Amino acid sequence: KYIFYYIIKTILYGEKGEFMTERIRETFRKGEGVFRMVPNFIPVKFGVPGRRLKIHPADYFAYGADAGTIMERWFCTVSGTRVKNPKRPDQGLSYVVGADGETFLLRDAMAELKEELIGKELQEKYGTFPVFAKFFDYETPLYFHFHPETAVAKNVGCEAKPECYYFPPQLNNYTGRRPSTYIGFNPEVTKEDVRECIEHFGEYDTHITRLSRAFDLEIGTGWYIPAGVVHAPGSLLTYEPQWGTDLNCVLENVVCGEVFEERYMTDICPGEEENKTDYIMNAIDWETNFDQEFKKHYFRPPVELPETQTGLLEKWVCYGNDYITSKEVTIAPETEVLLKDKAAYGCIIVQGFGKFGVYDAEAVNMMRVGDQTADEYFVSKGRAAEGVKIVNHSKTEPMVLLQHFGPDNAVYTE
């Protein structure tokens, strides 16, 4: 039924559908440059769900047990999942709620509106919005892995994946089984130590994280992880703004008793590559992985912006790189603000309720998979520059949202 639905929707409303232009532009006009998004959940076939995504307890297998357990929610993405699901060919792609209540792909809206939506710089350089954000929600830690640089990733049709982490307080009352992240290698480790783990991946538990060091995660802070850096993310619910690609090289073969097949490690290797061990070794950024001041260089405490309006608090939570930026915005109770930014962005409301532009907006308490919500938005560059009026209707509680921006809004702080 998913395939049938996708085909019919593409015919009627897809990129080449006759109703697409009118529907997109009417929604864009009525939303005054802001799109309301449909929740976009991703099932995963490994790990244990942290159950902090605020979906109904009965819905973790909403797409079928064979698809896996829902453990991620993706925001404002035009990138589908790399691992394709034949039953859901649009898996990973975000939909917009149209002015008539029907939905269409954000990817189609970008193809239609181009720089009206994302601005001239992104349109000319990338032809799309090249980043997205996600919540990943695992009770157990993720495997020790890295995302290769573009020079390697392009050999299997992908790009590098620099990523940022932020740990929102609103979604982390439960910290999971290991709220710490292994990053890089200890100074006494040799390349031969790593090679041995790679060569014996399919034979026994290599315990590769013994070669690394773990950093305790601090709620309300974050990290920047460049491509090529090995890391094993901890069990906090994580807000992850990232480049719009999805390619891993997994170096840890047993995680909390769960065994991973060798294909998870060799996924970055072209099919014709015969010496996979050397290929993987050459893909690792050794210099950054042996940076013994990694925390000093890549830990990201929040950086508060100067106050511009009473009742508006803005903090950079992801910054210090050329690719992705994120901001936490807090609006005081019974306050109206005009939020201005210089670039298009996606956002998710994690606390409170009120108005976001022309839309009634509210953080989710509990949702059913497949339902529409009022917590996720994509804001055009023009509307961002003019400002989005946000009204917090609560008498007692702040309204909090997280924004993610692309490379046209890179921020470096002292």
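Which residues is Thr206 in contact with, leaving aside its neighbours within four places in sequence? The list is Cys197, His200, Phe201, Leu251 and Asn253, where contact means heavy atoms within 4.5 Å.

A word on the ground rules. This is a predicted model, in which local features need pLDDT of at least 70 and side-chain atom pairs count only at pLDDT 80 or more, while totals for chains, interfaces and linings use all residues. Residues are numbered from 1 along each chain as its sequence is written, and side-chain values use heavy atoms, with hydrogens and water left out.

Back to Thr206: you'll find it in the loop between α7 (191-199) and β10 (213-216). Thr206 counts as buried because its relative accessibility is 5%; buried means under 20% relative accessible area, exposed over 50%, and partly exposed in between (1.4 Å probe, protein chains only).

Now for the whole chain. It has 12 helices and 27 strands, both taken as DSSP runs numbered from the N terminus (helices H or I, at least four residues; strands E, at least two).

| Item | Value |
|---|---|
| Box filled by the C-alpha atoms, along the principal axes | roughly 60 × 50 × 45 Å |
| Buried residues | 59% of the 414 residues |
| Contacts with a separation of 6 or more that join residues 24 or more positions apart | 78% |
| Accessible surface (Shrake-Rupley method, 1.4 Å probe) | about 17,700 Å² |

Carbon and sulfur atoms own 49% of that accessible surface.

In α2 (residues 20-30), Met20, Arg23, Ile24, Thr27 and Phe28 are buried. Seen down the axis of α2, these fall within an arc of 125°, so they line one face of the helix; the arc is that of the directions from the helix axis to the C-beta atoms. An α-helix has 3.6 residues a turn, so residues three or four places apart point the same way. Glu22 and Arg29 are exposed on the other side of α2. Just after α2 comes Glu32, with a positive phi of about 55°.

Helix α9 (residues 276-283) has Thr277, Tyr279, Ile280, Met281 and Ala283 as buried residues. What do the buried residues of α9 pack against? Their partners are β7 (145-146), α6 (150-153), α7, β14 (249-250), α8 (263-266) and α10 (286-289).
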